[in-house]
Every structure is written in structure tokens, then in C-alpha cells.
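Please keep the sequence and the coordinates at hand.

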Amino acid sequence: MHHVTKVHFGPLLSEVRTKVESKRPLLRYLVDRREGLKNTSPKELLFSDFSCLHSPFSLPDIEDAVSLLLSFAKSNKKILLYGDRDSDGVSSTCLLAFFLKSHPEFLTANLEVMVSSESDPYGLCKEAVSKIKKAKPDLLVTLDFGSSQADEIDSLTALGIQVIVLDHHEVPVRIPKNCALVNPRRTDSEYPEKKICTAALSFKLVSAILFRTSKEWNQLYTKTVTNEDGTKEVLYFRNGIKLSKDQLDLIQNPRENPSKMENQIPIGEKNSESASIELSSALPFPEEFSTNIPLDDERKLFFYQCNKIPEFFEQLEEETDLAGIGTITDMMPLVGENRHFVKLALTSLTKLYVGDKKRKGLKELLKELKLNPHGITTKDLGWSIGPVINAAGRMGKTEEAVNLLLSENELEAKTRAKLLLSINEERKERTKRNMDRVERYFARKPERTTHDAIYCYEPDMEPGVSGIVATRMVDTYKKPSIFIAPDNGDARGSVRSYGQENVLTLLESLSEHFLHFGGHPEAGGFSISIDQIPKLEAALYEKAKLWLAEDEERPKEHLINTDFTVLPEEMGEKLLKEWKDLEPFGQGNPDIKLGIRNAKAIHLTPLSGGKHVRFHIIGSGSLKYMIWNKGEEFQTFMSNHGSFDLVGSLEENFYQGRSTLQFIVEWFGKAES
């Protein structure tokens with residue numbers, strides 16, 4: 001298969017079981033080899049509940065954002081939520097909108113929801129600014145964009161529009177004034193996690209609102225600890241945060257350092273915020289309070305306080321679903337808090353599927369997708385739910401995804417779910433047509449694949465699926481890839497990284513050619529005038545060579561590493577259960593990669609005219625092995641070789657009401673000894 005230069009087969013299962021001292025040696029071996037998991041306590045690795053989550057109040061500007069929302073709702077001023085078109089943008093917008101529509105503090109709020117369409121450039125472009133001005137909000141909340149657009153935000157605040165930005169993209173040096181910028185990537189952020197998506201930030205804002213409207217808000221707690229030198233130290237905590245000396249001084253004398261939003265918050269709110277707090281009123285740290293998982297003092301205390309708030313976690317449970325979907329679809333690393341978000345979301349979605357919860361739209365989508373009602377999986381989020389939500393934005397119909405997720409009527413939700421699935425089918429057909437054109441593009445001039453970065457543009461490419469196509473180009477050629485398609489008189493492109501390289505650095509070096517650009521280190525996007533496209537290609541290859549030359553750790557060959565080497569007779573459900581607790585799998589915590597040596601295939605069945613293939617191998621019983629999109633190549637290989645080596649993953653497949661186990665082949669061939 002393409003561009004694999006070497007396969008490193010991991011140890012045999014018998015070797016690991018013999019050498020690793022543990023009741024669960026395979027799991028212990030895997031955890032110790034994963035950077036993001038190896039320092040996690042065993043109980044926190046195996047279990048997830050709300051105690052694992054950090055207090056939202058260490059996020060920058062979160063208190064200002066809560067105060068603004070509460071005060072503008074109370075005064076019945078217009079609040080506009082404006083989200084990005086992708087799955088994270090839609091999920092974060094709908095999560096916040098659904099909560100605000102149902103919470104007592106916001107029942108009379110003047111709330112409007114808006115999302116960008118596929119024809120708009122990214123973020124606060126001139127089209128978005130024009131729409132916002134036309135809507136005439138008093139308070140604007142942007143979701144999944146805005147961090148890098150200080151000039152545009154300043155132009156809106158100059159008109160008297162107050163702005164909250166919920167975003168997780170890179171933050172530039174200049175932060176806009178008179179704006180609550182809630183972003184964990186800010187250099188002044190003290191939040192323990194840097195890589196959480198905007199849907200997770202919406203969840204954090206919701207939890208902050210619930211806490212802010214409770215009796216636990218601003219309650220001080222104190223704890224005396226003995227240092228290593230024998231001296232005693234008194235610690236103070238507020239809202240789940242251990243306070244520094246400066247913070248203690250500030251809460252006792254708040255008027256000496258007012259909020260940067262003070263001029264925008266009504267007097268009544270200011271007074272409640274700025275009342276000084278006596279340290280003598282502090283309550284003792286709840287030493288006797290126990291949790292299922294060993295926690296640091298801050299998380300333990302915040303969880304204790306939240307437990308004292310009536311129905312706090314019951315209200316939050318349903319909000320985890322969209323936070324988990326955004327986390328998976330925006331490819332956040334599944335370690336730390338993100339891991340807990342996804343596990344909580346899977347539990348919430350499974351309850352939603354079989355129960356009677358508020359989110360009628362999401363429930364009908366689960367039913368239309370025919371997912372397993374006994375347990376929603378990470379694969380369902382990444383391969384079924386997420387792509388359907390994303391498809392609406394890609395096809396210029398983002399509002400259809402929003403309308404579905406905000407549906408509260410079962411009949412309406414069913415109709416909207418069917419519509420969204422039909423939009424996703426359109427997206428699949430468009431992707432297929434573009435991929436056919438991409439294959440012909442490189443077949444005509446195969447030398448195009450020899451450059452350090454792969455580039456593809458032709459005038460007949462169709463818009464809306466550039467990210468998917470760029471990702472498939474990376475999968476095929478094992479290099480960073482750029483795909484461009486015409487769109488509404490200009491063109492839009494997507495770039496995807498292959499390894500650890502930061503694609504934003506490449507885009508920055510080519511920025512003179514773009515109308516707009518932005519994104520993540522792993523995935524970026526841009527808009528460009530048609531007449532600039534030849535100039536972009538001419539500059540790209542030299543810029544890409546310099547860009548990649550600076551990455552000294554970039555691999556010089558495509559190496560596949562497997563976690564274990566497995567004998568055919570060892571394959572099965574019993575083996576899968578040995579690392580089941582390592583889920584959810586995804587970015588930062590990849591699925592377990594298995595290698596099989598000298599396999600022999602039987603009962604080979606071509607699928608879709610030979611494009612895919614299903615087979616068994618001698619020794620592994622009825623287990624099915626699947627190869628996607630390389631069926632003809634595999635059959636040709638089989639005709640020339642009696643045996644082969646395989647690399648892939650075991651997974652459960654739910655189809656037509658029945659769960660089966662299958663092995664998805666990532667690579668086949670003859671590896672060097």
C-alpha cells in the first residue's frame with residue numbers, strides 16, 4: 001500500500017503477559033507507553049464522573065461573561081449567539097442556546113441564534129459583521145471564532161455592541177478591549193487544560209452560570225496544611241480555585257482592581273460582584289468528604305460545593321452530549337478532561353436514546369442513524385453523528401443542523417433528522433466526485449506527488465468538502481496536503497498536516513495570497529481569489545520545503561508501529577475486553593494497532609465491484625477482516641503471494657440490530673524481517 005517504508009511489529013501477547021507485573025498486563029503496558037495517560041491515576045483512568053472536571057472559574061474572563069449574560073437577560077436586551085459552521089461551532093452554539101432557553105434566569109431573554117453559512121469566509125468576515133449589524137444585538141456571543149479578530153470586535157463595540165468570545169483557536173498578541181475573551185490558549189489563562197474545544201467551553205459557561213446563581217457562589221473555604229519544613233500554611237479557596245495572595249487582597253478590596261467590563265455591567269450587578277469578603281467568614285475544607293476518584297484539593301472542593309446545589313449535576317448531564325460530540329469531531333486530544341467529557345457524553349447520549357429527555361432533535365438523529373441503543377460509542381460520534389452535523393455546514397445549510405438540535409417537538413425533529421441525513425448523502429456524493437477528479441489529476445501528472453506538500457486545484461472541483469478531500473490526500477500520500485475548490489466567485493481551500501507540523505505556520509508564510517485564513521495547527525482553511533491560485537502554487541513548494549526543513553523531528557520515512565503482534569487464534573472478543581477500559585480512542589489516544597505475520601486468506605468476497613474486500617484468515621475462526629478502498633490492490637497482491645502481513649484494529653460493528661466483531665485492515669504486504 002502507498003508509501004509505507006517500514007513496519008515495526010510490537011511484542012507478542014505472551015511476552016507482555018510474562019514480563020509486565022500487573023493483574024492486567026496488556027492494559028498496564030499500553031498505559032505506560034502513552035504519554036497523555038501514563039501519569040493518570042488508575043481510578044481516574046477507569047472511571048469518569050463530574051468530580052474529574054475542573055472549575056470553570058480559572059478560565060480567563062469567564063466571570064465577566066456570566067455577569068454579562070445574566071444582566072442583559074434581566075434587562076431584556078437582545079442577545080445574539082453567532083456560531084461557526086462546523087460541528088464544534090454548531091454543537092457549542094446549540095448547547096448554549098438550549099440551556100439559555102430553558103434556564104429560569106433566561107426565560108424572558110431576547111435571544112437569537114445565527115450561524116455562518118458555507119459561502120462566508122471564516123470568522124468575523126465582512127459578511128458576518130454585516131449580518132450582526134443588521135440583527136442589532138446588545139450582546140454578541142461568538143462561538144468557535146473571534147480570538148484573532150480584535151479589529152472587527154473593536155468596530156462592533158464602538159457601535160455599543162457588547163461582545164463575548166468563546167473560542168479555542170490560537171490567540172494573537174492583541175486581545176480586543178471591552179470584550180470577554182474566554183479562551184484557554186490565552187497566555188494569561190490559568191486553566192489546567194489548553195486543548196479543549198468550544199463546545200466544551202460552552203459546557204463550562206453553562207456550569208459557571210449554574211454555580212453563579214447558587215448560594216455557593218463566592219463562598220470562601222479554608223484549609224491549613226503543614227509544609228515539608230514543619231511550618232503551617234493557611235490556604236483559601238473560592239469557586240473551586242485556590243487563591244493566591246494577590247487574589248486574596250483583591251477580593252477584600254475589589255474596587256482597587258475593577259473588572260475590565262465594569263462599564264458594561266449594570267450597577268446592580270457591579271455591587272453584587274464587588275462586595276468585599278471577610279476571610280473570617282471562610283468555611284472549613286471538607287476533609288471528611290470522599291470521592292470515588294482521588295482528586296486534587298481544587299477539584300474535590302468544587303465537586304463538594306456543586307453537590308450542595310440542588311439538581312446541579314442533573315441539569316449538567318444533558319449538556320455533556322454536545323460537548324463530547326464537539327470534542328471528538330474537532331479532534332481534541334482524548335486525555336485529561338477531554339477524555340472525561342467524551343465518556344460522560346456517551347453515557348448521556350445512551351440515556352437520551354432510550355429515555356425521554358429534552359433534546360428531541362438529537363434523539364431522532366440517533367434513531368435515524370440506527371445506532372446501537374445499548375451503548376453509543378466514540379466511533380458513533382466521529383463517524384456517524386459528527387459527519388452528519390458537519391455536512392450541513394459543508395453544503396451551505398448550517399441552519400438545518402441548528403434547527404434539528406434545537407427541536408423540541410418529536411414530529412418536527414424526525415422530519416429534520418431525515419433532512420439532515422439526505423444532506424449528508426449529498427455531501428458523500430460530492431466528495432466521491434471530487435475524489436474521482438483528484439485521482440485523475442494526479443494520474444495525468446504523477447510528478448505532482450513528489451513535492452514536500454501535495455497540492456490539488458482544478459476549476460471543476462466542487463466546494464464544501466475540501467477538508468475531507470485534503471484529509472484523504474494525506475492518508476494516500478503521507479504528506480501535508482492542500483485542496484482548493486471554486487466557491488461563490490472566489491475559492492476556498494483546506495490544508496491538513498501529516499505529522500506534528502503546524503500548518504498555520506505554512507499558511508502564514510503564504511498569507512499575501514489569501515483573503516482570509518485560520519484554523520488549528522493540524523488543520524487550516526483559507527479563502528483566495530481565483531487569480532491568486534497560480535501564484536499560490538508557484539510559491540507553495542519552496543515555502544513548504546523551508547517549512548518542513550525547520551521541523552527536525554519530522555520522520556524521514558513512513559513507519560507503522562504496532563502495539564502488539566497477535567497470533568490468528570488469539571483474535572476475538574476476549575482480547576478486545578483486555579483494553580476496553582482504555583477507550584475512548586481518538587486523537588492523542590489512538591486505537592490499539594495489531595500486527596499479524598504470515599497470514600493466509602480464505603473465503604475472500606469482493607464488495608462494491610471489488611473496491612472493498614472481506615475475507616477470513618486461517619486460524620481466527622469466523623472473525624471478518626475488512627479492507628476499504630484497496631480491494632483490487634489486495635486481490636492482485638494475493639494472486640502473487642501465498643501469505644501476507646497485516647496491520648489493523650479490532651472493533652465492534654453494529655448493523656441491522658446485531659453486533660459483530662471485525663478487523664479493519666490499515667496495511668497489508670510483506671514486511672521486512
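The questions below treat helix pairs, then cores, then single residues.

This is a predicted model, in which local features need pLDDT of at least 70 and side-chain atom pairs count only at pLDDT 80 or more, while totals for chains, interfaces and linings use all residues. Residues are numbered from 1 along each chain as its sequence is written, and side-chain values use heavy atoms, with hydrogens and water left out.

Reader: At roughly what angle do the axes of α8 and α13 cross, and what does that make their relation?

Author: Helices here are DSSP runs of H or I with at least four residues, and strands are runs of E with at least two, numbered from the N terminus. Axes are lines fitted to C-alpha atoms, for helices over the stretch in contact, with angles from 0 to 180 degrees between N-to-C directions; under 35 degrees counts as roughly parallel, over 145 as roughly antiparallel, 65 to 115 as roughly perpendicular and the rest as oblique. The axes of α8 (residues 198-212) and α13 (residues 320-329) come within 7 Å. They cross at roughly 155 degrees, which means that α8 is roughly antiparallel to α13.

Reader: How do the residues of the contact of α8 with α13 divide by class?

Author: Contact means heavy atoms within 4.5 Å, and on this basis A199, A200 and F203 in α8 meet T320, L322, A323 and G326 in α13. Ala, Val, Leu, Ile, Met, Phe, Trp, Tyr, Cys and Pro count as nonpolar, Asp, Glu, Lys and Arg as charged, and the others, Gly among them, as polar. The division is therefore 5 nonpolar, 2 polar and no charged.

Reader: How many residues of α13 are buried?

Author: Buried means under 20% relative accessible area, exposed over 50% and partly exposed in between, with a 1.4 Å probe and protein chains only. The buried residues of α13 include D321, I325 and I328. Just after α13, M331 takes a positive phi of about 55 degrees. The helix is largely enclosed by the rest of the structure, because the buried count is 10 of the 10 residues.

Reader: Which elements do the buried residues of α17 pack against?

Author: Helix α17 (residues 398-405) is mostly covered, with 6 of its 8 residues buried. These are T398, E400, A401, V402, L404 and L405. Their packing partners are α5 (87-102), β3 (110-115), α13, α15 (360-368), α16 (378-394) and α18 (410-444).

Reader: Which element gives the most residues to the largest nonpolar core?

Author: A nonpolar core is a set of buried Ala, Val, Leu, Ile, Met, Phe, Trp, Tyr and Cys residues joined through side-chain atoms within 4.5 Å. The largest one has 95 residues, of which L69, V141, L205, L381 and I385 touch the most other members. Apart from this core lies another, of 39 residues, with W579 and F615 among them.

Reader: Is the crossing of α4 and α8 left-handed or right-handed?

Author: The axes of α4 (residues 62-74) and α8 come within 10 Å and cross at roughly 70 degrees, so α4 is roughly perpendicular to α8. I62, A65, V66, L69 and L70 in α4 meet L205, A208, I209 and R212 in α8, a contact of 8 nonpolar, no polar and 1 charged residues. A crossing is left-handed if the near helix is turned anticlockwise from the far one by less than a right angle, and right-handed if clockwise. That of α4 and α8 is right-handed.

Reader: How is α18 set relative to α19?

Author: The axes of α18 and α19 (residues 466-477) come within 10 Å and cross at roughly 45 degrees. The crossing is right-handed, and the contact has 7 nonpolar, 2 polar and 2 charged residues. Given the crossing angle, the relation of α18 to α19 is therefore oblique.

Reader: Is H169 buried or exposed?

Author: H169 lies in the loop between β5 (162-166) and β6 (179-182). Leaving aside neighbours within four places in sequence, H169 is in contact with Y122, D144, S147, N183, R185, G519 and H520. At 7% relative accessibility, H169 counts as buried.

Reader: What is the relative accessible area of A282?

Author: A282 is placed in the loop between α10 (267-274) and β10 (283-284). Beyond neighbours within four places in sequence, A282 is in contact with L220, Y221, T222 and Y236. A282 is buried, and its relative accessible area is 18%.
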